[in-house]
Amino acid sequence: MRDTESLPISALQHYLYCPRQCALIHVEMVWEENLFTAEGRLLHKRVDAGEAGRRGSIDEERSVPVRSERLGLYGVADVLEMRTGASGSSIPYPVEYKRGSPKVGDWDRGQLCAQAMCLEEMLELTIREGAIFYGRPRRREKVIFDDVLREKVEVSCRAMHSLIEGGVTPPPEHGRHCKNCSLLRVCMPKLSKQRKVEKYLLQGLEQ
Amino acid sequence: MKKLLNTLYVTSQGSYLFKDGECVVIRLEDGSKKRFPVHVLDGVVCFGNVICSPFLLGHCAEKGLAVSFLTERGRYLASVHGPQGGNVLLRREQYRKADDEESSATTARSIVAGKVANSRAVLRRCLRDYAERVDAQRLQGAIGVLDGCAHRLKTPVSLDEARGLEGLAANTYFGVFGELILKKGPGFSFTGRTRRPPLDNVNCLLSFVYTLLAHDIRSAIEAVGLDPQAGFLHRDRPGRPGLALDIMEEFRSFLADRLVLSLINRGEVGEKGFTVKESGAVFMDEDTRKAVLVAWQKRKADEVVHPFLKERISMGLAFHLQARLMARYIRGDLEGYPPFFWK
């Protein structure tokens, strides 16, 4: 990955959600805020504003920059809880804050796993689990960084890099995930090449 | 989830705009102030001698609002934009398509189709609504010519043909445009299009409304990351916003011209609101200009169903959607550019 540009971990989350969304944001450079993105932005502002310190018996650090040369990723971990490992060493336990509810797809888990893989590369240790705090309902979901999830991050990361370097936005695939997408109006997923502009043009001239 | 917001038009000479918290504050020359929250605005347009603080410009740029400067009479001078909205790949593709004769012809055909169909729809609507008050035969004749243009556009045309048909359609339409003015009398007679400068009241109104339309379309084009200068129908000329002029073609008749007609026919602007200079150039006074700006803003809030997307939208949002459709076509999601057909 060394000869390619580093990309934000959030791009990987976009890619896992929908490759076209990822390309619209990182190739076409479009962004439209909706209720969900605005809430997410405010939530992260609050998380970032929180102070580092001790919560109970756990040391906590907030907004920690992370990166991986191998994956070509960089980002910011919302919260790192420093936990004591089996050998008495300190192991970071990443916690990501999300405004919504747990998702069917792997995009949030993949994002957290990528953060952990960045930390592993930087600190030369192994991180086995982390958690995602969901706003609805207000609870934590544990995420185990198993081989399946790690493999998914590796593969998607490579695919995402070649997508963005290629500079070609893939055609839309209209589906359930489109309903909550902030880029719905920009993406126009129901417009595909099947929708004949020629036919529309002839009808318009006919009237 | 883009929404149509208000454009703040500042016409009072000598006013100063600055930022106070989340508000734009206008301080008029007499010292009085007016304030507007930034989140209800989608742009600020300053006419003539209006000054903006750099902090306001920065704040607007960050919020994605363009601040534009026009002369007091509406000639475009400059805009201040934020750093977003630049996709070099999209613009490169736009230049490739604009350089290519064949794909320029394809796009130009769509644009002229929109213009011809919409001009014809305006004439037909008038003929239907005011059959006794207009010269039906003249209008019918013009509609016949436009029918011929429409017929020719049903099959591919060369770029020169597209330009020729555009010219023919414009001449035919403006040839009978005077018929659509129901308020007869010397104040609002129309014998043909004159510009730079406009030589009568009707042309003065048309030029001003076209400026507003061009400004909004230019902003929409810039917001989707396209280059407003590189057009398809309009040949490149330094300083001329070719693509903005292209996309304007489909909106001129039913949006801009009908607005001018209703301002005149409903008596919302009067003959006294215009002055003639030594050279014959006609200018409107401040109150008339304000009446046009208010009517324009109101017209943009009207709801329509987008003919291609089949979505209910406000008219002002149609500029953004057409710019977006142009971008989607240029990037290859659509096999052509679908113009906005007015019904």
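A salt bridge here is a side-chain nitrogen of Lys or Arg within 4 Å of a carboxyl oxygen of Asp or Glu. Keep that in mind for the opening stop, and remember throughout that this is a predicted model.

**Stop 1: where the chains meet**

Select Glu28(A) and Arg331(B). Their side chains form a salt bridge, at 2.8 Å from N to O. Across the interface of chain A and chain B, the rule finds 4 salt bridges, and 8 residue pairs are in polar contact there. To see which parts of chain A are involved, colour helix H2 (19-26), helix H6 (184-187) and helix H7 (197-206) of chain A: these are the elements that give two or more residues to the side touching chain B. H7(A) provides the largest share of that side, with 8 residues.

Now widen the selection to the whole interface. It takes 30 residues from chain A and 38 residues from chain B. About 3100 Å² is buried between the two chains, and carbon and sulfur atoms give 53% of this area. Together they supply 25% of the area that chain A buries against chain B, more than any other three residues.

**Stop 2: the two domains of chain B**

The contact between them draws on 13 residues from domain 1 of chain B and 15 residues from domain 2 of chain B.

What do the two domains bury between them? About 1300 Å², with 54% of it on carbon and sulfur atoms. Show Tyr9(B), Thr11(B) and Arg73(B), which supply 44% of the area that domain 1 of chain B buries against domain 2 of chain B, more than any other three residues.

The count of salt bridges between these domains is 0, whereas that of residue pairs in polar contact is 5. On the domain 1 side, strand E1 (6-10), strand E5 (41-47) and strand E7 (66-70) of chain B each supply at least two residues. E1(B) gives the most to that side, with 3 residues.

**Stop 3: the nonpolar cores**

Centre the view on Phe251(B) and Met326(B). Of the 103 residues in the largest nonpolar core, these two touch the most other members. Helix H7 (residues 242-265) of chain B contributes the largest share of this core, 14 residues. Domain 1 (6-80) and domain 2 (88-331) of chain B both give residues to the core, so it lies between them.

Which residues are in contact with Phe251(B), leaving aside its neighbours within four places in sequence? Select Leu213(B), Ile217(B), Ala256(B), Met315(B), Ala318(B), Phe319(B), Gln322(B) and Phe340(B) to see them. Another core, of 43 residues, lies apart from the largest one; Leu71(A), Ala116(A), Leu149(A) and Val153(A) are among its members.

**Stop 4: backbone details**

Most residues other than glycine have a negative phi, and most peptide bonds are trans. Against that background, zoom in on Arg136(A) and Pro137(A), which are joined by a cis peptide bond with omega of about -10 degrees. Pro137(A) sits in the loop between strand E6 (129-134) and strand E7 (139-144) of chain A.

Move on to Ser63(A), in strand E3 (residues 58-68) of chain A. Ser63(A) is not a glycine, yet its phi is positive, at about 50 degrees. Its relative accessible area is 26%, so Ser63(A) is partly exposed.

Finish at Lys310(B), in the loop between strand E11 (303-305) and strand E12 (312-314) of chain B. Here too is a positive phi in a residue other than glycine, near 55 degrees. Is Lys310(B) buried or exposed? With 57% relative accessibility, Lys310(B) counts as exposed.

How values were computed. Residues are numbered from 1 along each chain as its sequence is written. Chains are lettered from A and ligands numbered from 1 in the order in which they are written. This is a predicted model: local features need pLDDT of at least 70, side-chain atom pairs count only at pLDDT 80 or more; totals for chains, interfaces and linings use all residues. Side-chain values use heavy atoms; hydrogens and water are left out. A nonpolar core is a set of buried Ala, Val, Leu, Ile, Met, Phe, Trp, Tyr and Cys residues joined through side-chain atoms within 4.5 Å. Buried means under 20% relative accessible area, exposed over 50%, partly exposed in between (1.4 Å probe, protein chains only). Helices (H or I, at least four residues) and strands (E, at least two) are DSSP runs, numbered from the N terminus. Domain bounds come from an automatic or database domain assignment. Contact means heavy atoms within 4.5 Å. Buried area is the accessible area (1.4 Å probe) that two parts lose on being put together, summed over both. A polar contact is a pair of N or O atoms within 3.5 Å; within protein, one must be able to donate a hydrogen and the other to accept it, and residues adjacent in sequence count only if both atoms are side-chain atoms.
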